Amino acid sequence: MPKQLKLAIVALLNALLLAVPLMTYTTVNHFSRPYPLLAYLAAISLITWAYTCWPRHPWRWWLLYVISFVAGSYASFPFSQALSVSWLTKFCGQLLQQMRAFQSGSAMMPVLLSMLLIMALAIALTLLTVRWRQPFLCMLVSSGYLLAVTIFATRNEVLPLALTTGLTVLLILVLFLPHWSWQTTLYTGLMILVIAGGATVNTWAKTPLNQLAKQTVNWRNSLSSSGFYTFLEKSSAVKKTGYSSDTSTLGGAIQDDNSVAFKAIAAHDQYWRVDTRDDYSGKGWNVDKDTKITRKPTKTSTGYIKAPTTTAQKVTLTMSKTTDYLPVGYGQTTWALSSKQQSRIGVGYTAQRGRVYINLGKHPVTKLTYTAQHQKYTAKRLQAVTAKPEEELDETYTQLPEDLPKRITTLSKKIIKGQTTEYGKVRALVAYLKTSNKYVYTKIDTPTTPSNRDYVDYFLFTTKRGYCDNFSTALVVMLRSVGIPARWAQGFSGGTRGSQTSDGRYHYSILNSDAHSWAEVYFAGIGWVPFDPTPGYQNPGTTAAKTKTNTLSTGTSQSTTTTKTTNSSSATSRSSSTTTTTSSTGHFHLNTSTARIITGSCILILMLAAWLGRFWLGLQVLRGLVATHTGQASWQYRQLRRWFEHQLPRAHAETLTAYAARVEQAWPQLHGQFMTATQLALATTFSTQPASDLPAALQTVIHTLQKNRKFTAPHSR
C-alpha cells in the first residue's frame with residue numbers, strides 16, 4: 001500500500017476516533033453549534049497528513065494549525081460579530097471572566113476553556129497518531145471519556161463505545177499489520193459489525209426482544225417473588241440521584257441521573273419544594289405515616305404564616321412519569337382545578353409538611369397548571385425577629401435523638417458565639433458549613449455511615465465529605481442543638497432555563513440530578529424560611545453577593561442582603577467539589593476542582609513524556625543490563641533486538657542476518673555494529689565460540705544509539 005494512502009487512512013480513522021467522543025462532549029455540554037468542532041477536527045487531520053507527507057518547512061504547517069484553531073473558536077462562538085480584533089477582544093474577555101468565576105468557587109469547568117483545551121488536545125493526539133505512529137493515547141482518551149460519561153453522567157454511550165472499539169481495532173491493524181490485504185479489511189469490518197450489532201441489539205431487535213420478554217414473564221415473576229431482583233439491587237453499590245420518599249437511611253456514594261424529572265413553564269427560576277421531615281433518627285429522616293391529608297384543597301402553602309401579596313403567576317408542570325408528588329415554589333399555590341377535576345385526579349395536601357399530593361384518584365395526569373404567589377420579605381425583617389415560637393412547635397422541631405453526640409452541640413454553640421439574634425445564629429452556622437473550606441462537596445466519594453455512628457457526627461468530625469443530604473441534615477441538627485426550630489426539606493433545585501414563551505415566562509428542564517435537599521428555619525410571625533448550606537448552591541431568585549459569606553439564601557423571589565450585590569448569572573450553581581472563596585485576609589485557597597485539573601494535567605504530561613521517551617528509557621535499561629552482566633549475553637542480544645523490532649517490525653520468517661541488514665539501513669549511524677553483534681550472537685548460539693566478545697559489541701551499539709537515535713523509515717514495498 002502506498003505510504004501516502006496509508007497515512008490518509010490513518011488520519012481518517014484517527015479523526016473518526018476523536019469525532020465520536022467529541023459529539024458526546026457537545027451533547028453533554030449543550031453546544032448549540034457542534035459542527036464547527038467537527039470541521040475543525042477534519043481540518044487538523046488534513047493538515048497533519050500533509051505535514052507528515054511533506055515535512056519540509058514545518059512553520060507553514062504550524063501557521064495553518066493556528067489559523068484552524070482561531071477559525072474553529074470563531075465558528076463555535078461568533079458572538080454575532082465578524083471575525084475581527086473586536087471579536088477576539090470579546091472572546092478573550094469572556095474566557096478570562098469564566099476563568100475568574102471558576103477560580104472563585106464555581107465547580108463547573110468554563111465552556112470556553114474546556115473547548116480550547118479539547119481543541120489543543122485534538123492537535124496533539126492527531127500528531128501522535130498520524131505523524132509519530134503512536135495511537136494508544138488517542139484510544140485511551142476517547143474510550144476513557146466515553147466510559148466516564150457512561151458511569152458518572154449515567155448516559156447510554158454503548159453505541160459510541162462500540163464504534164470507538166471498532167475504530168481502535170481498525171487503526172491498530174492499519175498501523176502495525178506488516179502486510180495489509182483486502183481479506184484483512186473484510187475480517188476487520190465483520191468484527192466491527194458484530195461489536196456494533198451486539199451493542200445496539202436493543203434497537204434493531206426490539207420486536208423479538210419484546211416477544212421474548214412476554215414469553216418469559218411468568219419465569220421472571222417467580223424470580224421476583226423469590227427476592228432475586230431485590231438481592232441484586234441491594235448488592236449493587238450504585239445509587240442514583242432523584243427524589244425519594246424513603247429517607248430513613250441517608251449516606252453513601254451516589255451517581256448523577258441526568259434524565260428529565262419534569263419540565264416547567266414559570267416566570268423565574270426557583271427551588272421546587274416537594275416535602276419536609278421533622279423526625280431525625282441518627283441515621284436519616286422518618287416520616288409520620290399518620291399525617292392528615294386534606295383532599296381537594298383550594299390553596300396550599302409552603303409554611304408562611306401570612307399570605308403573600310406578590311402578583312400571582314401561572315406555572316405549568318409536565319412530569320416525565322406519573323408521580324404522587326407535585327413540586328411547588330415557596331409561597332402560596334392556588335388551584336385552577338375544579339372540585340370535580342381534583343377528585344378525578346386525586347389532589348391532596350398536608351399542611352403540617354407543606355406537601356402537595358397528586359394522582360391519588362383513578363385518573364392520574366402528568367401535566368398540571370396552577371397559580372403561584374411567591375413570598376416577599378427582607379433580611380432586615382428576619383434580623384428583627386425576637387419572638388419565640390409556640391411551645392408545641394418548638395418541642396417538635398427541636399427534637400433530637402437522646403444518644404446524639406454532645407460534641408455536635410458544643411461545636412454549634414462555639415460557632416454562634418457572639419450572635420444575639422436567631423437570624424444571626426442561622427447565618428453563622430450556614431457560613432461554617434458552606435464557606436469555611438472545612439468540608440468537601442462530593443457525590444461519588446461519600447462513604448456509608450457505619451452502623452454504630454450518628455449520620456451527622458460522622459460527617460462533621462470524621463469524613464468531612466458529602467453532598468446536599470449531609471450538609472442540610474447537619475445544619476438542621478446543629479440548629480436544633482442550640483434550640484432553634486428547624487426541619488429538613490427536599491425537592492429540586494432550579495434546573496436549566498430554556499427559551500422564553502410569548503407571555504414572558506420561561507421553559508425550565510429539571511433533571512433527576514437536580515434533586516436537592518436543604519433546611520427550613522422557623523421565624524415567629526413569618527413562618528418557615530429556607531436556607532441552603534451546601535457549597536456551590538444558591539437559592540434562585542436571590543441576588544448573589546460578592547462575598548459568599550454574605551449571601552442570603554432564602555428561596556424567595558425578592559430579598560436583600562447586607563452587602564452590595566450583583567445579579568446572579570445562572571439559575572442554580574451546582575458544585576461537584578469543594579468551593580473556594582477569597583477570605584477576608586486575602587489568602588487564596590486552591591479548590592479541589594483546580595487541584596484535580598492541575599494534578600490530572602501533570603499526570604497526563606508525565607504519561608505523554610514517558611510514552612514519547614520510552615525508546616530512550618529502553619536504551620538506559622539495556623545499558624544497565626549489559627553493564628551489570630544481568631542475564632546471559634544471548635538474552636541481552638534478544639532484548640536489544642526487541643528494542644529495534646518495536647520501531648522496525650521483523651518480517652515473518654525473516655532471518656536474523658537479513659533483519660540486521662535492514663536495521664543497518666534504518667540506522668546508518670551504526671556502521672555495521674548491529675550486524676557484528678548479530679553474527680556474534682549466532683556464533684554463540686550455534687557453535688562453541690565463547691560469548692566473551694558479544695557484551696562489548698552490544699555496549700558499542702547502545703552507546704552509538706544513545707548519541708544518535710535517529711530512525712530513517714524504510715520505503716514502503
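This is a predicted model: local features need pLDDT of at least 70, side-chain atom pairs count only at pLDDT 80 or more; totals for chains, interfaces and linings use all residues.

Student: Why is the contact between Arg-407 and Asp-457 called a salt bridge?

Tutor: The closest N and O atoms are 2.8 Å apart. The cut-off is 4 Å between a side-chain nitrogen of Lys or Arg and a carboxyl oxygen of Asp or Glu. The pair therefore counts as a salt bridge. Arg-407 lies in helix H16 and Asp-457 in helix H18, 50 residues apart.

Student: What makes Asp-457 buried?

Tutor: Its relative accessible area is 3%. Buried means under 20%, so Asp-457 is buried. Asp-457 also forms a salt bridge with Arg-453, at 2.9 Å between the closest N and O atoms.

Student: Why is Arg-453 called partly exposed?

Tutor: Arg-453 has a relative accessible area of 21%. Buried needs under 20% and exposed needs over 50%, so Arg-453 falls in between.

Student: How do you know which class Arg-505 and Asp-503 belong to?

Tutor: Arg-505 is at 11%, under the 20% limit, so it is buried.

Student: What makes Trp-59 exposed?

Tutor: Trp-59 has a relative accessible area of 60%. Exposed means over 50%, so the label holds. Trp-59 is found in helix H3. With Leu-63, Leu-64 and Ile-67, Trp-59 forms a nonpolar surface patch of about 430 Å² accessible area together.

Conventions: Residues are numbered from 1 along each chain as its sequence is written. Side-chain values use heavy atoms; hydrogens and water are left out. Patches are made of residues with over 30% relative accessible area and no salt bridge: like charges are joined within 9 Å, nonpolar side chains (Val, Leu, Ile, Met, Phe, Trp, Tyr) within 5 Å. Accessible areas come from the Shrake-Rupley method with a 1.4 Å probe; for residues, only the protein chains shown count as cover. Helices (H or I, at least four residues) and strands (E, at least two) are DSSP runs, numbered from the N terminus. Buried means under 20% relative accessible area, exposed over 50%, partly exposed in between (1.4 Å probe, protein chains only).
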